[in-house]
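Here's a quick briefing to read with the model open beside you. Take a look at the fold before going through the points.

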Amino acid sequence: MARPTKCRMICHFPQMLEFVPAKSGEDKIPVVLTVDEFETIRLIDREGLSQEQCCRRMQVARTTVQKIYDSARGKLAEALVDGLPLRIEGGEYRLCDGQNRFCGEDHCSKQEIYQMLPSESGFTAV
């Protein structure tokens with residue numbers, strides 16, 4: 001029996017969920033990139049983290065990050081080379097609420113907000 005899939009911690013939900021080529025892209029079937037695949041691309045390629053650092057942020061094994069990253073790169077290559085639309089949706093993830101002390105290894109913008117709230121507004125993070 002296979003192990004159940006562990007949800008990946010996602011700190012930044014994508015702002016844009018669909019990308020369409022400028023010429024004749026609307027009529028083609030889109031490549032679907034999952035939210036956790038998007039997060040690995042963001043962390044590794046955009047923020048320059050290693051796979052080891054990425055796995056700690058997402059709270060999964062390094063081998064899991066490697067599989068997710070390889071899948072994401074293949075999908076991005078397919079969309080770019082073949083001129084296909086790209087849609088971001090689904091996946092096994094949970095959004096960071098800024099209250100997990102392991103999230104983002106002290107780089108979580110949501111944690112900073114929660115740390116400021118009690119002193120400024122009287123709100124107490126649970």
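Contact here means heavy atoms within 4.5 Å. Helices (H or I, at least four residues) and strands (E, at least two) are DSSP runs, numbered from the N terminus. You're looking at a predicted model, where local features need pLDDT of at least 70, side-chain atom pairs count only at pLDDT 80 or more, and totals for chains, interfaces and linings use all residues. Residues are numbered from 1 along each chain as its sequence is written, and side-chain values use heavy atoms, with hydrogens and water left out.

**Overall picture**

- The protein has four helices and five strands, and from the N terminus on they run β-β-β-α-α-α-β-β-α.
- Of the 126 residues, 33% are buried (under 20% relative accessible area; exposed is over 50% and partly exposed in between, with a 1.4 Å probe and protein chains only).
- The accessible surface is about 8,200 Å², and carbon and sulfur atoms account for 53% of that (Shrake-Rupley method, 1.4 Å probe; for residues, only the protein chains shown count as cover).
- If you take contacts between residues at least 6 apart in sequence, 73% of them join residues at least 24 apart.

**Helix H1**

- H1 is mostly covered, with nine of its 12 residues buried.
- Those buried residues are Val35, Asp36, Glu37, Glu39, Thr40, Ile41, Arg42, Leu43 and Ile44.
- They pack against E1, strand E3 (31-33), H2, H3, strand E4 (86-88) and strand E5 (93-95).
- After H1 comes Gly48, with a positive phi near 75°.

**H1 against H3**

- The two helices pack at about 95°, with their axes 9 Å apart (axes are lines fitted to C-alpha atoms, for helices over the stretch in contact, and angles run from 0 to 180 degrees between N-to-C directions).
- That makes H1 roughly perpendicular to H3 (65 to 115 degrees; under 35 is roughly parallel, over 145 roughly antiparallel and the rest oblique).
- On the H1 side, the contact uses Asp36, Glu37, Thr40, Ile41, Ile44 and Asp45, while H3 brings Val65, Ile68, Tyr69, Ser71, Ala72, Arg73, Lys75 and Leu76.
- By class, this contact has seven nonpolar, two polar and five charged residues (Ala, Val, Leu, Ile, Met, Phe, Trp, Tyr, Cys and Pro count as nonpolar, Asp, Glu, Lys and Arg as charged, and the others, Gly among them, as polar).

**Helix H2**

- In H2 (residues 51-58), Cys54, Cys55, Arg57 and Met58 are buried.
- These four sit on the same side of H2, because they cover an arc of only 160° around the axis (taken from the directions from the helix axis to the C-beta atoms).
- The buried residues of H2 pack against strand E1 (8-10), helix H1 (35-46) and helix H3 (62-82).
- Glu52, also in H2, counts as partly exposed because its relative accessibility is 38%.
- Glu52 and Thr63 are 11 residues apart in sequence and 9.3 Å apart in space, C-alpha to C-alpha.

- H2 and H3 pack at about 105°, with their axes 8 Å apart, so H2 is roughly perpendicular to H3.
- Gln51, Glu52, Cys54 and Cys55 of H2 meet Arg62, Val65, Gln66 and Tyr69 of H3, a contact with four nonpolar, two polar and two charged residues.
- Gln59 lies in the loop between H2 and H3, and its phi is near 60°, a positive value in a residue other than glycine.
- Gln59 counts as buried because its relative accessibility is 17%.
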